[in-house]
Amino acid sequence: QVQLVESGGGLVQAGGSLRLSCAASEGTFATYNMGWFRQAPGKEREFVGAHRWTSTNTLYTDSVKGRFTISRDYAKNTVYLQMNSLKPEDTAIYYCAADSKASRRLGLSKSSFDYDYWGQGTQVTVSS
């Protein structure tokens, strides 16, 4: 059972930056695709981006392309979400998630149903 712990959320002004971290409890993290999702009040959870375990391949939702970047430190079992040029509409609880079936999947999934393990979430609030 992989445990994921997010950190790095907070309050930031529009145009600012935050870096979220997601630490995994075990080394099998290295064979998982890692995803980031977010959920704003009154809205469904939505895909933000994902990172493939075998390479530097990443996938982002259109609204964050060019502003958000996912990276991974395998030595630290940690994945990061660097968020720049933040907008008020980025306000949400951000979750990291692990896809343990990544080795049997082509590419990256945008569906939350394909991710087996989830962190507890971290709040990001962007003020205008």
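**A loop residue and its surroundings**

Analyst: Ser-85 has a relative accessibility of 41% and therefore counts as partly exposed; with a 1.4 Å probe and protein chains only, buried means under 20% relative accessible area, exposed means over 50%, and partly exposed lies in between. The model is a predicted one, in which local features need pLDDT of at least 70 and side-chain atom pairs count only at pLDDT 80 or more, while totals for chains, interfaces and linings use all residues. Residues are numbered from 1 along each chain as its sequence is written, and side-chain values rest on heavy atoms, with hydrogens and water left out.

Ser-85 belongs to the loop between S8 and strand S9 (92-99). Strands (E, at least two residues) and helices (H or I, at least four) are DSSP runs, numbered from the N terminus. The phi of Ser-85 is positive, near 50°, in a residue other than glycine. Most residues other than glycine have a negative phi. Asn-77, which is not a glycine either, also has a positive phi, of about 50°. Asn-77 is placed in the loop between S7 and S8, and its relative accessibility of 16% means that Asn-77 counts as buried.

Strands of a sheet pair through backbone hydrogen bonds, either parallel or antiparallel. S7 and S8 are part of an open sheet of four strands, in the order S1-S3-S8-S7, with antiparallel pairing. Its edges are strand S1 (4-7) and strand S7 (68-73), each of which pairs on one side only. From one strand to the next the twist averages 15°, where axes are lines fitted to C-alpha atoms (for helices, over the stretch in contact) and angles run from 0 to 180 degrees between N-to-C directions.

Ala-92 has Val-124 as its bridge partner in S11. Strand S11 (residues 122-127) has a covered face of Thr-122, Val-124 and Val-126, and an uncovered face of Gln-123, Thr-125 and Ser-127. S11 is also joined by four bridges to strand S2 (residues 10-13), and these two run parallel; here Gln-13 has Ser-127 as its bridge partner.

One disulfide is found in a search of the whole structure, a disulfide being a pair of cysteine sulfur atoms within 2.5 Å. It joins Cys-22 to Cys-96, with an S to S distance of 1.9 Å. The torsion about the S-S bond of Cys-22 and Cys-96 is about 55°, so this disulfide is right-handed. Cys-22 lies in strand S3 (residues 18-24) and Cys-96 in strand S9, 74 residues apart, so that distant parts of the chain are linked. Both cysteines, Cys-22 and Cys-96, are buried.

Asp-99 is another residue of strand S9, and its relative accessible area of 0% makes Asp-99 buried. Beyond its neighbours within four places in sequence, Asp-99 is in contact (heavy atoms within 4.5 Å) with Tyr-32, Asn-33, Arg-105, Asp-114, Tyr-115 and Asp-116.

Rings of Phe, Tyr and Trp (its six-membered ring) pair if their centres lie within 6.5 Å; planes under 30 degrees apart count as stacked, over 60 as edge-to-face and the rest as tilted. By this rule there are seven aromatic pairs. One of them is tilted: Phe-37 and Trp-118, 5.0 Å centre to centre with 50° between the planes. Phe-37 lies in strand S4 (residues 33-39) and Trp-118 in strand S10 (residues 117-118), so this pair ties together parts that are 81 residues apart in sequence. Phe-37 counts as buried at 1% relative accessibility, whereas Trp-118, at 26%, counts as partly exposed. Tyr-115 and Trp-118 form an edge-to-face pair, 6.5 Å centre to centre with 65° between the planes; Tyr-115 is buried, with a relative accessible area of 4%. Ring pairs link Phe-37, Phe-47, Tyr-95, Tyr-115 and Trp-118 into a cluster.

Note on methods. Two strands pair if DSSP finds at least two bridges between them.
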